[in-house]
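Reader: Can you walk me through this one? I'd like to start with the fold and then go to single residues.

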Amino acid sequence: MKSLTELKAIKQKVTEVPDYKIVVGMATCGIAAGANPVFKELKRIADEKKLSNVDIQITGCIGICRLEPIVEVYTAKGERYTYVKVDAEKAQDIIQKHIIEGKPCTDYLICDDGEACIKNIQETKSFKKQIRIALRNCGNINPENIDEYIKNDGYFALGKVLTEMKPAEVIQLLLDSGLRGRGGAGFPTGLKWKFAAAAQNEQKYVCCNADEGDPGAFMDRSVLEGDPHSILEAMAIAGYAIGSDQGFIYVRAEYPVAVKRLNLAIKQAKEYGLLGNNIFGTDFSFDIELRLGAGAFVCGEETALMTSIEGKRGEPRPRPPFPANKGLFGKPTILNNVETFANIPVIINKGADWFNKIGTEKSKGTKVFAVGGKINNTGLIEIPMGMTLREVIYEIGGGIPNGKAFKAAQTGGPSGGCIPAEHLDVAIDYDNLIAIGSMMGSGGLIVMDEDNCMVDIAHFFLGFTVDESCGKCPPCRIGTHRMLEMLEKITAGKGEDKDIEKLERLAYSIKEAALCGLGQTAPNPVLSTLRYFKDEYKAHIYQKTCPAGVCKNLLSYNIDAEKCIGCGLCARNCPANAITGVVKSPYTIDKDKCIKCGVCMEKCKFGAIYKK
Amino acid sequence: MCQNCNLDENQKKLQEVFDKYKDTQGALIPVLHEAQEIYGYLPLSVQEAVADALEIPLSEVYGVVTFYTHFSLYPKGKYKIQICLGTACYVKGANNILEELKKQLGIDVGQSTKDGKFSLDACRCVGACGIAPVMMINDDVYGSLAVSDVADILKKY
Ligand SMILES: Cc1cc2nc3c(=O)[nH]c(=O)nc-3n(C[C@H](O)[C@H](O)[C@H](O)COP(=O)(O)O)c2cc1C
Ligand code: FES
């Protein structure tokens, strides 16, 4: 690529528009739901019927995981149809009825929360409330084809930066935009770049944090799988701004599809001369290498990530020195999160003023959330900062399944906290979430309902941090272990008076004394559940009951003699032979034999089994 | 005449990996990834070869191998089962799926079946949280699992 004119030529190159373009969502979730056979079947029938006017392509994640596999049909007239939960049979119908006979298969189209089926995803209520900046291309372009990225303004921001702007102007633009890091802490991106630009060294590095360690989050995966070029473009822009010619992407080994697409994207970008030497005919050169993680949560922390790229145990280093001065291989380095990078080309193209009008006073732009747990519309959403949690859960998320009551939403993963119903109307931004004892985090949002026990959830997160503590500093290595033991005791029904106070005291000591962010934030899930759900802790400790009916040691299964008709189904299914009785009269459960697996309760058709 | 003639197939592949990363800064982890691809796990002999080739003390190689959960000192089953115990899956009852897997396979987490067919591991999020609970068998992802699905899925292998 020698010039912007060349790039424009690719963008404007008229490709023949097919009568129908069929795209299949092939991100990890789509593939897991069976998109591969659907894609193959579509191709097979199209070949068999010798359809020459259709183009069948793959695309990334459109965000509605629960409806995968998703197939979209675009017509030459610009109409768009979203088919959901497609299987091989439906694929045949789509080709036969829609493509050959010209009659859309209305039965398979996406519906709006139980209402009549509509045409496409853009018309759904939940989509209309979203603004897609970081996810602009996900689900819309073929991530394995660089031309499609270019057709959607791809690499124009890089071209503009290299040919029209000075590095300092790029940094000023980012400062003006108000963009803050999307990896968790919300540090102003422009400021980070400014520090690294000011550092004097002939070698500097740009790193992308694609480690996505929060268990329950997949925003970064979706961007990498659906729009890998946006990351490469933004990293090159960063390289120009701070004076670096080498980038590294640190990506989790658990994301094979993302790794494959990134490798392909790097190859294509090099072939086009959008990475490599003398990009756009300037004297700026930039290259990117991929490094795979190996399953260690702490490697998401910036200094640990750099140690890991250096080929060592991924243990964090004390700061200062900050990476902007002494980072990877001892050189000045910036590290940004995938989503942070994904925003940058758009900000450059559309300007700081456009971006900073979206969002709240101190949190600009949008945030992507991976919404999961007890919510109807699980999937990926991108909302303007400042939207309330209530809107996210009830309007976009479609509410809680099975008529259950909302209990809490967890954000920030193992470093974050939970937000109870009383704070559903808080506007989501960095500072508000901190104020209510949680944090933005990288974007995992797990919804819990009345059946989830908050002490058990705190125990779950502590178990995670204990496993993932790297062991370098004692407050984290030993302290979190002790906290976990206390929680084990409480959930086992052996809690004692003063345990809550002890937990709190230890939690604050760990926060003060731990070396890195992992330890400093590890107590947060405990502190935030204690803040909002202390009664549940007390019930475990003083009444020896688990109000949500989760902690097995505090539960017993019982048969309601009035409801039991004596069919014997429970007894036949009990794996422990703990249920006995005579047909047509109420059965009973032997509490000594019962292993509390819950099978009987699942099987009973009369709701006669209850736990307490 | 030919240096590599008496090396077995895997050793040859490993040598190629060493050559590929000869000039890479921080090569240890990428090399270990590829070595594990070749051997399926990282026995001491392989770690020694890596240490020699990269001129790193064996203790450091061992330190890295044991730090990262992705690297294994023991052979895995032909089919590697990974059950996700990430938050989204946990909240949706992944624990019960794990119990069922243990029961069906008769092994605990971290173990392999006697015939070497299956190994069972727990992992933290494979990024398919939208269809939780999730498990992976080698590269196949199974989502929206119910306890009653487990037996049928295992039968496929
Ligand atoms: C224990 C721990 C784990 C982290 N994991 C991630 C992660 O998986 N992805 C990420 O982008 N940032 C993670 N971070 C935050 C990074 O340290 C860093 O702040 C971030 O990547 C900077 O990018 P940003 O400014 O663009 O947000 C983690 C931090 C800690 C303390
Ligand atoms: S929590 Fe299981 S796939 Fe993410």
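This is a predicted model: local features need pLDDT of at least 70, side-chain atom pairs count only at pLDDT 80 or more; totals for chains, interfaces and linings use all residues.

Reader: How many helices and strands does chain B have?

Author: Seven helices and four strands.

Reader: What box do the C-alpha atoms of chain B fill?

Author: Roughly 60 × 30 × 25 Å, taken along the principal axes.

Reader: And what share of chain B counts as buried?

Author: 48% of its 157 residues. The accessible surface of chain B is about 8000 Å². Carbon and sulfur atoms hold 47% of that surface.

Reader: What about contacts in chain B, how many link residues 24 or more positions apart?

Author: 55%, counting contacts with a separation of 6 or more.

Reader: Charges next. How many positive and negative side chains are in chain B?

Author: 15 positive and 20 negative. The centres of the two sets lie 9 Å apart.

Reader: Which residues gather in a patch of negative charge on the surface?

Author: B:D8, B:E9, B:E16 and B:D19.

Reader: Where does B:D8 lie?

Author: In the segment before α1 of chain B, the helix that spans 9–20.

Reader: Why does B:D8 count as partly exposed?

Author: Because its relative accessibility is 43%. Partly exposed covers the range between the buried limit of 20% and the exposed limit of 50%.

Reader: Switching to chain A. Where is A:S438?

Author: In the loop between α17 (430–435) and β13 (444–449).

Reader: Is A:S438 buried or exposed?

Author: A:S438 is buried, because its relative accessible area is 6%.

Reader: What does A:S438 touch?

Author: Leaving out residues up to four places away in sequence, A:S438 touches A:T411, A:G416, A:G417, A:C418, A:I419 and A:L433.

Reader: OK, A:E536. Which helix is that in?

Author: A:E536 is in α22 of chain A, residues 524–543.

Reader: Buried or exposed, for A:E536?

Author: Buried. The relative accessibility of A:E536 is 9%, so A:E536 falls in that class.

Reader: Which residues does A:E536 touch?

Author: With residues up to four places away in sequence left out, A:E536 touches A:K407, A:N452, A:C453, A:M454, A:V455 and A:P547.

Reader: Last one. What separates the C-alpha atoms of A:E536 and A:V223?

Author: 38 Å. Along the chain, A:E536 and A:V223 are 313 residues apart.

How values were computed: Residues are numbered from 1 along each chain as its sequence is written. Chains are lettered from A and ligands numbered from 1 in the order in which they are written. Side-chain values use heavy atoms; hydrogens and water are left out. Patches are made of residues with over 30% relative accessible area and no salt bridge: like charges are joined within 9 Å, nonpolar side chains (Val, Leu, Ile, Met, Phe, Trp, Tyr) within 5 Å. Accessible areas come from the Shrake-Rupley method with a 1.4 Å probe; for residues, only the protein chains shown count as cover. A salt bridge is a side-chain nitrogen of Lys or Arg within 4 Å of a carboxyl oxygen of Asp or Glu. Lys and Arg count as positive and Asp and Glu as negative; His and the chain ends are not counted. The place of a charge is taken as NZ of Lys, CZ of Arg, CG of Asp or CD of Glu. Helices (H or I, at least four residues) and strands (E, at least two) are DSSP runs, numbered from the N terminus. Buried means under 20% relative accessible area, exposed over 50%, partly exposed in between (1.4 Å probe, protein chains only). Contact means heavy atoms within 4.5 Å.
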